Amino acid sequence: MAAERTILVTGASGNVGRQVVSQLMAGHTGEVCALTRDPRAAALPGGVDVHQGDLADPAALEAALKGADAVFLMWPFHSADPAPAVVDAIKWHTGRVVFLSSGAVQAGVAPERQAHPVGRSHARVEQLIEGSGLVWTHLRPSTFAANTLWWAGQIRAGDVVRGAYGAVPMALLHEADIAAVAVRALTEDGHGHAAYALTGPEVLTQAEQVRTIGEVLGRPLRWQELSREEARQRLLADDSFPDSFVDPLLDGYADMLDAPPPAITSTIEAVTGAPARTYRTWVSGHAADFS
């Protein structure tokens with residue numbers, strides 16, 4: 001690892017950002033800075049230089065960027081509209097950015113021709129970063145294992161998880177593996193101008209994911225298929241789920257069901273030297289969240 005490199009982590013209290021901070025603090029000798037909306041609630045490790053704010057706050061971003069040599073950029077928006085200002089701020093303060101993009105981005109396809117809205121917005125951010133003069137690395141993760149925490153309320157209430165598209169196959173990713181690749185790209189040379197497709201080590205349908213949770217918890221959990229409209233109304237009634245993302249999510253599931261199963265990549269092991277963690281490993285580490 002490169003010594004004495006100051007690294008700013010945006011979205012530092014999120015699933016991936018928190019892991020990036022923790023892994024940097026465990027093995028990096030330079031300064032680690034964090035940008036988060038609520039420093040008190042974030043409860044980040046001691047020794048982290050914590051800044052209050054987010055990417056929508058230009059003054060907070062400018063303050064956090066001062067002295068940074070590299071930035072971990074997590075994109076919290078549903079469009080690329082704020083990206084020109086954010087990328088401009090980063091390029092004036094630092095020389096390296098690791099962007100947490102999306103597996104929805106199709107390699108070699110222009111942003112406006114991307115098939116999925118998430119792919120379009122993230123591809124546009126990638127395009128701006130690539131034209132900025134920064135040394136960049138894009139991380140294009142498959143589905144986050146942490147997304148299955150959406151089912152926690154149903155699982156605490158009973159043994160049935162209800163949703164649409166139970167046969168959709170996914171290569172679920174442990175957030176610690178995404179962070180491990182990010183840390184390598186932030187602290188080592190040799191990752192510039194690389195777009196890393198990241199997946200977990202296995203493909204599981206949503207119904208199989210529920211069964212795995214049940215096996216770890218020692219409970220007979222099962223999936224109950226809903227129609228798209230039933231699932232849509234259920235998500236719209238969930239105050240914790242953004243209404244604007246309901247239809248893109250269900251559209252994405254429909255596309256995934258019609259597409260070939262996701263291809264497993266070996267990128268995590270190639271970059272970090274350790275194989276990607278299984279979904280069962282992730283569930284075992286988060287069992288309390290479902291209980």
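Trainee: Are tryptophan 282 and phenylalanine 290 buried or exposed?
Mentor: Both tryptophan 282 and phenylalanine 290 are buried (under 20% relative accessible area with a 1.4 Å probe, protein chains only; exposed is over 50%, partly exposed in between). This is a predicted model, where local features need pLDDT of at least 70 and side-chain atom pairs 80 or more, while totals for chains, interfaces and linings use all residues. Residues count from 1 along each chain as its sequence is written, and side-chain values use heavy atoms, leaving out hydrogens and water.

Trainee: Okay, how many aromatic pairs are there?
Mentor: Seven. Rings of Phe, Tyr and Trp (its six-membered ring) pair if their centres lie within 6.5 Å; planes under 30 degrees apart are stacked, over 60 edge-to-face, the rest tilted. Take tryptophan 151 and tryptophan 223: they're edge-to-face, 5.8 Å centre to centre with 70 degrees between the planes.

Trainee: What does that pair tie together?
Mentor: Parts that are 72 residues apart in sequence, because tryptophan 151 sits in the loop between strand S6 and helix H6, and tryptophan 223 in strand S11 (DSSP runs numbered from the N terminus: helices H or I, at least four residues; strands E, at least two). Tryptophan 151 counts as buried at 8% relative accessibility, and tryptophan 223 does at 15%.

Trainee: And how do tryptophan 282 and phenylalanine 290 pair up?
Mentor: Edge-to-face, at 6.2 Å centre to centre and 75 degrees between the planes.

Trainee: New topic: which residues touch the most others in the largest nonpolar core?
Mentor: Val9, Val20, Phe72, Leu139 and Leu198, out of 31 residues. A core here joins buried Ala, Val, Leu, Ile, Met, Phe, Trp, Tyr and Cys through side-chain atoms within 4.5 Å. H7 gives this core its largest share, seven residues.
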